[in-house]
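Hello,

Here is the structure I promised to pass on to you. Have a look at it first, and then read on for what turned up in it.

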Amino acid sequence: MSMKNMLRGWLGRKRSLLIAAALVLSMAVPAALASPICEGEYQEALAALAGAHLDRGSHQKIDSHVQNAWHMSSRGNKEASVHQLDVALRQLASPATKRISADVREQLLGTVGALRNCLDLEDEGLVTLAITTVYASDDGSTRPTGAGVYLRVNGQTVAQTDVNSRTNLTLPAGRIELVGVVPSTAIGSQLLDLQPGDWREVTLVLDDTKEVVEGNELVLQQRTEGILADTFDAFVLAFATNDGVQPLSGIDFIHIEHPQGGIPVRVDGLFSISSTGEMVAHDLGTLRALLRQQPNGKITILAQGYDDDGFTYANTVDFYLGRFSIEGQLVAPPSYAEIDVGGVEVAVNVLGTPVTFIRVTDAAGRFRIDNVPIGNVGFDSATFQDNRHFYGQGVIFLPGSRSVTLTMRNVVDIQNGVPPLTHSRSVSGS
């Protein structure tokens, strides 16, 4: 098989995958070179060569072509870089490397071919941006930012500026939001509509007159269904990322917010940073007592901290303190004693809040909910049997743990004055 046909066959099979990989890598890999989207393919080719155990001469020749291609690409010379990899591929397919096993040869052809195809993707809709970052001044002039500005494309960090306040990015065409951030101190953004084949100079102006705070979601790891059990034995706060949590190196403050906007309760002295960068309460007894002293209803925690790179993170998390349990029972109405109360979904809502518990009854019609906040609680369940609708509904005030019996009433039962529910103090609850 000719070199041209072999390349066409292998690259044709991989073309769709490589385009998709290029678009993903363009958003995730810092752009130190002109083709940051191909960093992964470059590293894979080098790793494959290092692990192939070629003879010294063959290794040096192929490795030299791969490295030359990468450096030529960094200078924007796509045609020359692709040519270097074509030479490397021809060498791998030549009789001079016939001592290479079939598996190793296929792997090398694959990784080097992937790099070649990636560097040749400019015609598939890529755009090059030459970015300069500057600070705005009060008099309308600008001044260079220098190194260390983090550049984000559509929310993903892809590069940092060099000492000359510059960097180059190669990205897929389309509409993007370009954001530059100096941790905690400056930020600027632009919306750009990029056309395939564009090469554009972009000056990104940053405002350094206000604190810049990252708005990652604040997560209370012990919160479930919007509830924190008031008997909690751990209390861990963390700022979420797409793939986990953002490790912090320090805490600025943690507050229990006042529900009417009054003076908050400062509790950061009860917390420390764990080895994994989370904010962990180390004085649970004091924290538990302070939370129990809060008015009934929603509790809001405001936390702010910072990471090793100097980014500041701040946000709030809301929860309700769960104190009581409900032992529920669905029972048959007078109008249909044979009703099946098993497997019925019951929704229990703490009225005036977003807290809703969904449970499904067991075969005997029983359900249980723990850690319910104090307040008015509504019950809603329904089933269709014997060609009729039956509903278990009602509202009680929950000042403590309760046993609740809901009668699954039909309209006939309602007309006959059958009560919707009865309740009593729970024997097993508090």
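Asn 154 sits in the loop that links strand E3 (150-153) with strand E4 (156-160). Please keep in mind as you read that this is a predicted model. The phi of Asn 154 is near 50°, a positive value in a residue other than glycine. That is worth a second look, since most residues other than glycine have a negative phi. Is Asn 154 buried, exposed or partly exposed? With a relative accessibility of 44%, Asn 154 counts as partly exposed.

Asn 387 has a relative accessible area of 70%; the cut-off for exposed is over 50%, so Asn 387 is exposed.

Now for the inside. The largest nonpolar core has 31 residues, and among those with the most contacts inside it are Phe 235, Leu 237, Phe 271 and Phe 319. Which elements give two or more residues to this core? They include helix H6 (284-292) and several strands, among them E6 (174-182), E12 (236-241), E14 (250-256) and E19 (312-322). There is also a second, separate core of 26 residues, which includes Tyr 320, Leu 330, Val 348 and Phe 379.

The structure holds 1 cavity of 30 Å³ or more, and the volume of the largest cavity is about 70 Å³. Its lining includes Leu 291, Asn 296, Ile 299, Tyr 320, Arg 323 and Pro 373. How do the lining residues divide by type? There are 7 nonpolar, 3 polar and 1 charged.

Four strands form an open sheet in the order E23-E20-E26-E27, with mixed pairing. Strand E23 (366-372) and strand E27 (421-425) stand at the edges; each has a single partner strand, so one side of each is left without a neighbour in the sheet. From one strand to the next, the twist averages 20°. Strand E20 (residues 324-331) and E23 run antiparallel and are joined by 5 bridges. To see how they line up, find Gly 328, which stands opposite Phe 367 in E23.

Enjoy exploring, and write back with any questions!

Best wishes

Key:
Residues are numbered from 1 along each chain as its sequence is written. This is a predicted model: local features need pLDDT of at least 70, side-chain atom pairs count only at pLDDT 80 or more; totals for chains, interfaces and linings use all residues. Side-chain values use heavy atoms; hydrogens and water are left out. A nonpolar core is a set of buried Ala, Val, Leu, Ile, Met, Phe, Trp, Tyr and Cys residues joined through side-chain atoms within 4.5 Å. Buried means under 20% relative accessible area, exposed over 50%, partly exposed in between (1.4 Å probe, protein chains only). On a 1 Å grid over the protein atoms alone, a cavity is a set of points where a 1.4 Å probe fits but cannot get out, and a pocket is an open set with protein on both sides within 12 Å along at least five of seven lines; lining residues have an atom within 4 Å of a point. Grid points are joined across faces, edges and corners, and a volume is the space filled by probe spheres set on the points. Ala, Val, Leu, Ile, Met, Phe, Trp, Tyr, Cys and Pro count as nonpolar, Asp, Glu, Lys and Arg as charged, and the others, Gly among them, as polar. Two strands pair if DSSP finds at least two bridges between them. Axes are lines fitted to C-alpha atoms, for helices over the stretch in contact, and angles run from 0 to 180 degrees between N-to-C directions.
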